[in-house]
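The exercises below are meant to be worked through with the sequence and the structure side by side. Please try each task before reading its solution.

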Amino acid sequence: MLCIRCPPYHHLPKLSSTHKPFTRQGLPCSRPSYLNFSYSRFHNMEANPNASTKDKSCRALSFDFLTKKPYSPPSWATHLDPLPSHVYSLGHLPTPIHKWNLPNLPNNTEVWLKRDDLTGMQLSGNKVRKLEFLLADAVAHGADCIITIGGIQSNHCRATAVAAKYLNLDCYLILRTSKVLVDQDPGLVGNLLVERLVGAQIELISKEEYGKIGSVTLTNILKEKLIKEGRRPYVIPVGGSNSLGTWGYIEAVREIEQQVQSGANNAKFDDIVVACGSGGTIAGLSLGSSLSSLKARVHAFSVCDDPDYFYNFVQGLLDGLNAGVNSRDIVHIINAKGLGYAMNTSEELKFVSEIAAATGTVLDPVYSGKAAYGLLKDISENPKKWEGRKILFVHTGGLLGLYDKVDQLAPLVRKWNRMDVHESVPRLEGVGKMF
């Protein structure tokens, strides 16, 4: 039951411990106390000490969404350079944290979920956090359109297309597909449907050409073409993963830190686990965790390339912020790509299906599904390693990617049947009103 005085997606100064929220029915809010807090996301904003609790909580109805604001970093990150000057409010933040009741965990081991699949932006997951900084920079540079690149079912590309349109910017997406399909209409499955509905221009490239040319050259080719046409394009790299985009998850660490400090159970996480697809999320999480009070060890399950590639790539992002740390000291990267990027074994998909049926949490097959599969496999094989630990699993979203796997998932979901109603049950026309 949601508390109307504590909307989870707005951002206020932290309320006093005496704040007692109420639901629309006038009953005390039953949400866990670690979700009943609010704070200023982007700069320090002290509450009026003379204002009533009601006045403070009513500020949750402010119109922050899609606004651009000056950005002040967490105190523990002020030494990084360069610092972002502004940020757009694009995500529905903070995202909740709750316990994940996974089966067969070792003694005293707890797994909690950080629900970044609930950031909004048409199910954009973790991508929106990076875009808050990247699109602020695009607007500051006077861009009138955005270019980005990714796989045919890229969550990042879909998130970028939506966010760009929110800010009245055109969007051009270079999407990687098979050699057989590159000359065909890509269709409307999953992320493609949203991208095309919001008017993104789709540019298809084969995997073979992508592999030989590279994402940087491909985006620059399109950038030069648009400049000749009189446009002002701004390029966002694969996954939004550059040093500026890294701030999205540095800021997320501040969010987690405040949630932990506000939690009634005073949960202290020993480990943070997350999927790794382009590197920006794990760079921000690991750097932020090491600098902040969290001090949790970050374990990243890579769903493409290999750990050495990502250690080097993350190091480049850290060096771009003059962080002065070694990537291998702050993040543990594990290979979880399996058959390859966006490809799944039947065992992985069965796992996604079983976790959904057991816990109600739907994982995507490309990122969080593989990361959770890898985590629970390691827990099963090395239970002593994880015994007694509190683990925060960051669910990075990507639900629309499941639509590309429906044929493989069909045999794994629960069967259906026609409802059996005995002939003795009276049947009268008009009894059952159909709305």
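This is a predicted model, in which local features need pLDDT of at least 70 and side-chain atom pairs count only at pLDDT 80 or more, while totals for chains, interfaces and linings use all residues. Residues are numbered from 1 along each chain as its sequence is written, and side-chain values use heavy atoms, with hydrogens and water left out.

**Exercise 1.** Find the residue that stands opposite Leu175 of strand S6, and describe how strands S5 and S6 are joined.

Solution. Start from Leu175 in S6, where the residue standing opposite is Gly150. Helices (H or I, at least four residues) and strands (E, at least two) are DSSP runs, numbered from the N terminus. Next, take S5 (residues 145-151), which runs parallel to S6 and is joined to S6 by seven bridges; two strands pair if DSSP finds at least two bridges between them.

**Exercise 2.** Determine whether His156 is buried or exposed.

Solution. First locate His156, which lies in helix H3. His156 counts as buried because its relative accessibility is 3%, where buried means under 20% relative accessible area, exposed over 50%, and partly exposed in between (1.4 Å probe, protein chains only).
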